[in-house]
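Q: Could you walk me through this one, starting with the ligand?

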Amino acid sequence: MYQYERKLKKENAVTLTLPQGFAFKDHDVFVFDNLLSFFRWDLHDQQVKIDLSECTAANYQAVALLIPYIWHLVSKNCHVSVIESEDGEGASSMWRMIGGRGAIPVLKSKTQKLKGSDLKPTIAVRDGDDFKEVIQTSEEFTKGFNIEYEKTLRYILSELLYNTMEHGYAHYNHKGHDCQFPSLAQFTYYKGRNELQFIIADLGIGIKKHIEQAYPGQESDEAAIKLAIRPQVSGTFASTDPYKDKNNAGVGLFISSNIIRRLNASMHIVSGNGLLHVSPRDITGKTLNNRWPGTFVLVTISLGSDPTLQLHNLMQEFRTAAYSEQRKAELKEEDNRFYLNIKNEFGSFAEYKPAAIRCRDNKIFPAANSHKEIVIDFDGVSSAPHSFLSALLASPIKTLGMSAYKRMKFVNTPPEIRETIDFILDENTE
Ligand SMILES: Nc1ncnc2c1ncn2[C@@H]1O[C@H](COP(=O)(O)OP(=O)(O)OP(=O)(O)O)[C@@H](O)[C@H]1O
Ligand SMILES: [Mg+2]
């Protein structure tokens, strides 16, 4: 049986060849889409060869993403092997330096570590001990620099590591056992630029899914990441037992991103197909064509550029901002939103017209009349026929007129339902 399975896998073998350039940047332009297009997330029960031999220009953090990718493939019952070039230039030598050869043993045994070079620390993060190891490693890099750098870096790293351990963990089934994927941390110091770059990556549920526990109906991954960096926004609020202490204030990413903006630093957050770039100049979002199934955060910090920086003062400033009166007003504004989850309201077959009419009269019309934004979420809905959708939406759309396009948002909509809704919108706003 086992042999038969192996034979089948062999027959289905696929080779993924790392392109000549495999990095986040190409000629100073960020190319996340190119990089992410390498990964194929649909493979399972196959032999997969990852060929590094043609890649001569790579980046350590980019190559490090191959480690969680291989973990993913193994969890999908793939047999994975990595082809390295003989002379060991480019990605092949980086792969060895970061201890990539130990990727599979690390996944299979909790006591294994990635055995890379001390110069390119790469750590599989599962628990508090690994957490401490990452923090200690970062301190090695900031030795000899202003003590404020050490504290600042420690702060940002802790927040990102807490996030990956608290919100980004992911399970998979291995031969009937429930196993957990580690997260990954990789550091590289670029001497010429006096710059430290690191990545924290996970294969978890992603920011959108997590934050939707408290803020349902996010339009996109990009929107969810933008929401996550706002102060006092946490995906944990809804699931937290009200009698327990609140363990998350929702300020980790807010304060971290503000520190990044004050330092000579930049941060990229990728989750699903959303990308957010935080830099001293601005914060910009983008929706990519390709996706990473969990979350990763890439941080670049120039060391030693601002000796006047004082973490303590910065923190005080950002904390005050996070809890300011203005923030309270903003939160109130967020209440100005009516959210309807179709599956919760009608089940995954949303077909019963009298229920639609009741919901329209008791919920949607009052929301429209009180000038709320109306968000309708079709997550998990398998079918919603035209007559049902029309009963639910046509008259509210007619009442709102053209502003319906702005005031009503339809999220997680399967294509055929989206088409019907567009038709109803067209028909009722002429
Ligand atoms: N790695 C991740 N995976 C999934 N969701 C994440 C991840 N990182 C952040 N998030 C989402 O973004 C939200 C905001 O993160 P943030 O660190 O600002 O707050 P928090 O972790 O909830 O609270 P605090 O950091 O104050 O303890 C999280 O609550 C979670 O919903
Ligand atoms: Mg946090």
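**Ligand 1 and its surroundings**

Q: What lies 3.0 Å from a nitrogen atom of ligand 1?
A: In this predicted model, a polar side-chain atom of Asp 202 lies 3.0 Å from a nitrogen atom of ligand 1, a polar contact being a pair of N or O atoms within 3.5 Å.

Q: And which backbone atoms meet its oxygen atoms?
A: A backbone N or O atom of Val 251 is 3.0 Å from an oxygen atom of ligand 1, and a polar backbone atom of Ala 249 lies 3.2 Å from an oxygen atom of the ligand.

Q: How much of ligand 1 does the protein bury?
A: The protein buries 94% of the 600 Å² that ligand 1 exposes when taken alone, with areas from the Shrake-Rupley method and a 1.4 Å probe.

Q: Which residues are closest, and how many surround it?
A: Ligand 1 is surrounded by 22 residues (a heavy atom within 4 Å), and the closest are His 167, His 210, Ser 234, Gly 235 and Leu 253.

Q: Which helix gives the largest share of that shell?
A: That is α9, with four residues; α8 (147–166), α9 (206–211) and α11 (252–262) each supply at least two, helices being DSSP runs (H or I) of at least four residues.

Q: Changing topic, what are the domains?
A: An automatic or database assignment gives domain 1 (1–114), domain 2 (121–334) and domain 3 (336–428).

Notes: Residues are numbered from 1 along each chain as its sequence is written. Chains are lettered from A and ligands numbered from 1 in the order in which they are written. This is a predicted model: local features need pLDDT of at least 70, side-chain atom pairs count only at pLDDT 80 or more; totals for chains, interfaces and linings use all residues. Side-chain values use heavy atoms; hydrogens and water are left out. A polar contact is a pair of N or O atoms within 3.5 Å; within protein, one must be able to donate a hydrogen and the other to accept it, and residues adjacent in sequence count only if both atoms are side-chain atoms.
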